[in-house]
Amino acid sequence: MISKLRNALVPALLLSSSLAVAAPISWTDWTSAPTSSSVLGSLAVGATTVGVSYSGTYSFAQTSGGTNYWTEGVPAPYTGSALVDNAPPASDIIALNAGGLKTISFSQPIVDPLIALVSWNGNTVDFGEPIEILSFGPGFWGSGTPILNAAGTGFFGSGEVHGVIRLPGAHSSIAFTDTSENWHGITVGVVGLANGTVPEPASLALFGFGLAGLGALRRRRQA
């Protein structure tokens, strides 16, 4: 009986683990805007706090409440990817209006940073390194489509682009150039640190619970 139960349960647990691959994202808590060209914040990744700093011109920064620009339509621009489990927090955002160079720096290396976008309308952006478009869809200001450039290092925003992009690999900083418009918003998130620290996905916890249950059944049978 135990053998039959194990043979039935393990594949089901493996299937649930493989299907529920979305990771809990640590989105930046922007805490202060000390100058007209800098915004400070932090990321909580497991038990580790990572300092985050934005450098460059910006229109405004919401660090303690305000309008929730991270609303989602269907398909969802922020949680529409199988890799992203949670949208950015309801108020924290940096709004950019003047084009030029922007830099986001981290106090320690992080892996596969994510950038969430609000209203990148007719904007051209380049990160100087490969990016991946994870998801996009209707958001606070409508909808649009990000079109990758030929090098795969940036995109052109056709319409009101709301979505999430990823920069694969380990990064201590992210630099990009954009073009001017009324304003377009960003925030940044991560799945884990370069040292391997990551939040535990619910699917892995479920898998561990299932294996523990099998062990308990085996011990009870042997008793």
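A polar contact is a pair of N or O atoms within 3.5 Å, where within protein one must be able to donate a hydrogen and the other to accept it. Keep that in mind for serine 135 in this predicted model: a polar atom of its side chain lies 2.6 Å from the backbone oxygen of proline 77.

**Serine 135**
- You will find serine 135 in strand β10, residues 132–136.
- Serine 135 counts as buried, because its relative accessibility is 7% and the cut-off for buried is under 20%.
- Beyond residues up to four places away in sequence, serine 135 touches Ala76, Pro77, Tyr78, Gly80, Ser81, His162, Gly163 and Val164.

**Serine 36**
- Serine 36 sits in the loop between β2 (29–35) and β3 (38–45).
- With a relative accessible area of 60%, serine 36 is exposed.
- Setting aside neighbours within four places in sequence, serine 36 is in contact with Gly56, Thr57 and Tyr58.

**Salt bridges**
- The count comes to two salt bridges.
- One of them joins lysine 102 and aspartate 178, whose closest N and O atoms are 2.6 Å apart.
- Lysine 102 belongs to strand β7 (residues 100–111) and aspartate 178 to strand β13 (residues 170–178), so this pair ties together parts 76 residues apart in sequence.
- Lysine 102 is buried at 0% relative accessible area, and aspartate 178 is buried at 6%.
- Glutamate 132 and arginine 166 also meet in a salt bridge through their side chains, at 2.6 Å from N to O.
- Glutamate 132 counts as partly exposed, at 30% relative accessibility.

Notes
Residues are numbered from 1 along each chain as its sequence is written. This is a predicted model: local features need pLDDT of at least 70, side-chain atom pairs count only at pLDDT 80 or more; totals for chains, interfaces and linings use all residues. Side-chain values use heavy atoms; hydrogens and water are left out. Helices (H or I, at least four residues) and strands (E, at least two) are DSSP runs, numbered from the N terminus. Buried means under 20% relative accessible area, exposed over 50%, partly exposed in between (1.4 Å probe, protein chains only). Contact means heavy atoms within 4.5 Å. A salt bridge is a side-chain nitrogen of Lys or Arg within 4 Å of a carboxyl oxygen of Asp or Glu.
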